[in-house]
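Me: I have a structure open and would like to go through its contacts with you. Could you take it slowly?

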Amino acid sequence: MNGSLDHPDQPDIDSIKMFVGQIPRSWSEKELKELFEQYGVVYEINVLRDRSQNPPQSKGCCFVTFYTRKAALEAQNALHNMKILPGMHHPIQMKPADSEKNNGCAFITFTTRSMAQNAIKTMHQSQTMEGCSSPIVVKFADTQKDKEQKRIAQQLQQQMQQLSAATMWGSLAGLNTLGPQYLA
């Protein structure tokens, strides 16, 4: 294993890629490396950037891979919900990016919109992957606006269900005001 300073090109086979949220958008890979290397030698840091901005701006999160699993877990134990970085209001969120349960999701960036549309047309519902019960779904990623609209629709549905339940209970509660002649 790679406990020594002479690391080969690749991290240990059991290393963990960690997702890290609540990092300052102004921090570069260099500043992040200084933070993480307190816990072990870092193999790779990838700051997630909004490519619609020119130049691309940090989204305030990154992926970090240490050479060893031990270093990744030590960093997680020391940082997750424990350390608030300068300019941030919430503590660092750090968890394995490659979970044991893979949700089967991937994001692909095409150079042109027409290439993406062609991939969607060709691939959507075209095959069922081994071990899956339904065919693959290929679509454009949800925008922030799409996500917000879904959240509002879910909240509205919950409120309607609560209102319906309250109305039903209110109707039932009104039965006790009826005299015995109406209940027979």
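Me: How many bridges join strand β2 to β3, and which way do the two run?
Reply: Seven bridges join strand β2 (residues 42–50) to β3, and the two run antiparallel. Strands here are DSSP runs of E with at least two residues, helices are runs of H or I with at least four residues, and both are numbered from the N terminus. Two strands count as paired if DSSP finds at least two bridges between them. Before we go on, please keep in mind that this is a predicted model, in which local features need pLDDT of at least 70 and side-chain atom pairs count only at pLDDT 80 or more, while totals for chains, interfaces and linings use all residues. Residues are numbered from 1 along each chain as its sequence is written, and side-chain values use heavy atoms, with hydrogens and water left out.

Me: How many residues sit between β2 and β3 in the hairpin?
Reply: There are six residues between β2 and β3 in that hairpin.

Me: And what stands opposite Phe 63 in β3?
Reply: Asn 46 stands opposite Phe 63.

Me: Changing topic to rings, how many aromatic pairs does a search of the whole structure find?
Reply: The search finds three aromatic pairs. The rings of Phe, Tyr and Trp (its six-membered ring) pair if their centres lie within 6.5 Å, and planes under 30 degrees apart count as stacked, over 60 as edge-to-face and the rest as tilted. One of the pairs is Phe 19 with Phe 63, whose ring centres are 5.7 Å apart and whose planes stand at 65 degrees, so the pair is edge-to-face.

Me: Why does that pair tie together parts that are apart in sequence?
Reply: Phe 19 lies in strand β1 (residues 17–21) whereas Phe 63 lies in strand β3 (residues 57–66), so the pair ties together parts that are 44 residues apart in sequence.

Me: What about Phe 36 and Phe 66, how are their rings placed?
Reply: The ring centres of Phe 36 and Phe 66 are 6.2 Å apart and their planes are at 80 degrees, so the pair is edge-to-face. Phe 36 belongs to helix α1 (residues 29–36) and Phe 66 to strand β3, so parts 30 residues apart in sequence are tied together.

Me: Is Phe 36 buried or exposed?
Reply: Phe 36 counts as buried, at 0% relative accessibility, and Phe 66 is buried with a relative accessible area of 0%. Buried means under 20% relative accessible area, exposed means over 50%, and partly exposed lies in between (1.4 Å probe, protein chains only). Phe 19, at 23%, is partly exposed.

Me: Which residue lies over the face of Phe 63?
Reply: Lys 17 does, at 4.8 Å from the ring centre. A charge sits over a ring if NZ of Lys or CZ of Arg is within 6 Å of the ring centre and within 35 degrees of the ring normal. Arg 113 lies over the face of Phe 140, at 4.3 Å from the ring centre.

Me: Okay, how many salt bridges does the count come to?
Reply: The count comes to four salt bridges, each being a side-chain nitrogen of Lys or Arg within 4 Å of a carboxyl oxygen of Asp or Glu. One of them joins the side chains of Arg 49 and Glu 29 (3.1 Å, N to O). Arg 49 lies in strand β2 and Glu 29 in helix α1, so this pair ties together parts that are 20 residues apart in sequence.
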